Amino acid sequence: MNLIVTSPLAAETKSAELEQFLTDIDLPYVPRGRKSLPKLMQEYQADGVVVWKVDGPVLYFDNEQFFFHPNMAKIRIGAFRKQGQVDPMIEACGLKAGDRFLDCTLGLGADAIVAAYFTRTKVMGLESSQVITAIIKWGMRQFHSDISWLSEPIRNIEVIHADHYEFLAQLDSKSFDVVYFDPMFRQPLLKSQPLSPLRRLADPRPLSRDTIKQACRVARSRVVVKERYQGEEFKRLGIEIIHSTSGQLAYGIINVS
Ligand SMILES: C[S@@+](CC[C@H](N)C(=O)[O-])C[C@H]1O[C@@H](n2cnc3c(N)ncnc32)[C@H](O)[C@@H]1O
């Protein structure tokens, strides 16, 4: 996908933050001038354009937008705060305050935010797609809300652009309590669904057994994998304990302690 970065219509100068974002995303910056986004994309033969906005970068392509938004995390944390509803991921991971959580598949960051809320400490999130990493990292940084139970966990997430196997291989043994994976499903849950922006940008590779082996070395307590309940992935990865949450989703658990 050929992508470019630009500024909103009114902005003329590049801020220091925009310079850092350009280093992170490693895409060419083109001056906006007074041009519309379709005109700019046509001129640079781009498939999509990332606009650097004050409240976070937004990628426009194919009439869709991709940007950081904490909606899913807000609903999950809100359900716990209002109704005491237990979050299935937190339950599967056995997370408690003070635990160190390594999210090996950050994506939009919803699971990482929920983990940061319950652990009340720093969470590390790894993402191998450079475009997703940069948009989510800077979206989180530029996010402001008066809801402190949402903004505090977001501030506690450290976003790292890395392939999880390579990153895990460098870590000391037993350096995190829980190592977590939510890889892309082999197929979208609904076949009729159009490809979401995340699916089009994401790294589609399946988890490898070597990655699970490294995760078991790095975790002090558990390795947890989210997958389809009916999928073959748990069997392929040698995961036997399966915590089913709904008809479609399940968490595979490896206890390592
Ligand atoms: C289903 S999404 C994760 C969604 C996330 N749990 C959330 O709450 O928003 C999977 C993400 O993992 C990333 N990914 C896939 N393989 C990876 C790898 N080897 N290393 C790091 N990230 C990877 C994909 O690019 C994608 O963004």
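User: Which domains does the domain assignment give for the protein?

Analyst: First, a caution: this is a predicted model. The domain assignment gives domain 1, residues 3-65, and domain 2, residues 71-255. Their C-alpha centres lie 29 Å apart.

User: How many residues of domain 1 are in contact with domain 2?

Analyst: In general, the size of an interface is often given as the accessible area lost when the parts come together. Here we count residues in contact instead. 11 residues of domain 1 are in contact with 11 residues of domain 2. On the domain 1 side, helix H1 (residues 16-25) gives the most, with three residues. That side divides into six nonpolar, one polar and four charged residues.

User: Now the sheets. What is the order of the strands in the open sheet of four?

Analyst: The general idea comes first. Strands of a sheet pair through backbone hydrogen bonds, either parallel or antiparallel. In this sheet the order is S1-S2-S3-S4, and the pairing is mixed. Strand S1 (3-6) and strand S4 (64-66) stand at the edges. Each has a single partner strand, so one side of each is left without a neighbour in the sheet. Neighbouring strands are turned by 25 degrees against each other on average, direction ignored.

User: How many bridges join S3 to S4, and do they run parallel or antiparallel?

Analyst: Three bridges join strand S3 (residues 58-61) to S4, and the two run antiparallel.

User: What is the strand order in the open sheet of seven?

Analyst: Read it as S7-S6-S5-S8-S9-S11-S10, again with mixed pairing. The edges are strand S7 (157-161) and strand S10 (241-244). Each pairs with a single strand, so one side of each has no neighbour in the sheet. From one strand to the next, the twist averages 20 degrees.

User: Where can I see parallel and antiparallel pairs in that sheet?

Analyst: Take strand S5 (residues 101-103) and strand S8 (residues 176-181) for the parallel sense; they pair over three bridges. Asp103 has Tyr180 in S8 as its bridge partner. For the antiparallel sense, go to S10 and S11, joined by four bridges. Ile242 stands opposite Gly252 in S11. A hairpin of four residues joins S10 to S11.

User: Which strands does helix H10 touch?

Analyst: Helix H10 (residues 209-218) packs on the sheet and touches S8, strand S9 (219-228) and strand S11 (249-255). The direction of H10 makes about 145 degrees with that of S9.

User: At what angle do H5 and H7 pack?

Analyst: For a helix pair, look at the angle, then the axis distance, then the residues. Helix H5 (residues 110-119) and helix H7 (residues 148-155) pack at about 105 degrees, with axes 8 Å apart. Angles of 65 to 115 degrees count as roughly perpendicular, so H5 and H7 are roughly perpendicular to each other. H5 uses Ile113, Ala116 and Tyr117; H7 uses Trp149, Pro153 and Ile154. By class, this contact has six nonpolar, no polar and no charged residues.

User: Last, the ligand. Which residues come nearest?

Analyst: There are 20 residues around the ligand, and Thr105, Gly107, Ala110, Ser128 and Ala202 come nearest. H5 and strand S6 (123-127) each supply at least two residues of the shell. By class, the shell has eight nonpolar, six polar and six charged residues.

Key
Residues numbered from 1 in each chain as written. Predicted model: local features only at pLDDT ≥ 70, side-chain atom pairs only at ≥ 80, totals over all residues. Axes fitted to C-alpha atoms, helices over the stretch in contact; angles between N-to-C directions. Parallel < 35°, antiparallel > 145°, perpendicular 65-115°, else oblique. Contact = placed C-beta atoms within 7 Å. Nonpolar A, V, L, I, M, F, W, Y, C, P; charged D, E, K, R; others polar. Near = placed C-beta within 6 Å. Pairing = 2+ DSSP bridges. Domains from an automatic or database assignment.
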